[in-house]
Amino acid sequence: VTNKPHAFTIPLLAHCGILQYFDVVVSGDTLLKKKPDPDQIFYVSEQFAVPVSELALIGDSKTDIAAARAAGCLMLAVPYGYNQGVRIGLDEVDALLDNIGDVVHYLN
């Protein structure tokens, strides 16, 4: 789930060599609304037939936090990435991961 337009999202994932790891890609123009609205998260929930309460959003911004909270899913954050220079507080998220690879340890 990203707010980037589809025309940028797919080439970026392909360039990074990770596109094949995504069964569903939801871009900013996939639906009528985008984060912080929770519709993209609800869409992913429907696509995988998984309750929102069992989903985790891994994000790097206040927009991600707002979307996860509005949807009612777990919110995991990384302290780097796009957040307009604003530090994410531990009190705002369910967990702050040093890097995205730590999610494996957190969810086990």
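A salt bridge is a side-chain nitrogen of Lys or Arg within 4 Å of a carboxyl oxygen of Asp or Glu. In this predicted model, Asp 64 and Lys 35 meet that definition, with their closest N and O atoms 2.5 Å apart. Asp 64 lies in helix H3 and Lys 35 in the loop between H1 and H2, so the pair ties together parts that are 29 residues apart in sequence. Both partners are buried. For Lys 35, the relative accessibility is 10%. That value falls under the 20% limit, so Lys 35 counts as buried.

The surroundings of Lys 35 were examined next. Beyond its neighbours up to four places away in sequence, Lys 35 touches Val 1, Thr 2, Asn 3, Gln 40, Thr 63, Asp 64 and Ala 67. Val 1 is 34 residues away from Lys 35 in sequence. In space, their C-alpha atoms are 8.6 Å apart.

The structure holds four salt bridges in total. Side chains of opposite charge can pair when their charged atoms come close. Lys 62 is partly exposed because its relative accessibility is 33%. Glu 92 is partly exposed too, with a relative accessible area of 23%.

Another salt bridge joins Asp 37 to Lys 33. Here the closest N and O atoms are 3.9 Å apart. Asp 37 has a relative accessible area of 22% and is partly exposed. Lys 33 is partly exposed as well, at 46%.

Helix H2 spans residues 39-48. Its buried residues are Gln 40, Ile 41, Val 44 and Ser 45. Seen down the helix axis, these residues fall within an arc of 145 degrees, so they line one face of H2. An α-helix has 3.6 residues a turn, so residues three or four places apart point the same way. The cover over the buried residues of H2 includes strand E1 (56-59) and helix H3 (62-71). Gln 40, one of these buried residues, is also among the contacts of Lys 35. After H2 comes Ala 49, which has a positive phi, near 55 degrees.

The strands form a sheet. Three of them make up an open sheet in the order E1-E2-E3, with parallel pairing. E1 and E3 (95-96) stand at the edges and have a single partner strand each, so one side of each is left without a neighbour in the sheet. Strand E2 covers residues 74-77 and is joined to E3 by two bridges. Leu 76 stands opposite Ala 95 in E3.

A nonpolar patch was found on the surface. Ile 18, Tyr 21 and Phe 22 form this patch. Together they have about 320 Å² of accessible area. Ile 18 lies in the loop between helix H1 (6-15) and helix H2. Lys 35 is found in that loop too.

Conventions
Residues are numbered from 1 along each chain as its sequence is written. This is a predicted model: local features need pLDDT of at least 70, side-chain atom pairs count only at pLDDT 80 or more; totals for chains, interfaces and linings use all residues. Side-chain values use heavy atoms; hydrogens and water are left out. Patches are made of residues with over 30% relative accessible area and no salt bridge: like charges are joined within 9 Å, nonpolar side chains (Val, Leu, Ile, Met, Phe, Trp, Tyr) within 5 Å. Accessible areas come from the Shrake-Rupley method with a 1.4 Å probe; for residues, only the protein chains shown count as cover. Helices (H or I, at least four residues) and strands (E, at least two) are DSSP runs, numbered from the N terminus. Buried means under 20% relative accessible area, exposed over 50%, partly exposed in between (1.4 Å probe, protein chains only). The arc is that of the directions from the helix axis to the C-beta atoms. Contact means heavy atoms within 4.5 Å. Two strands pair if DSSP finds at least two bridges between them.
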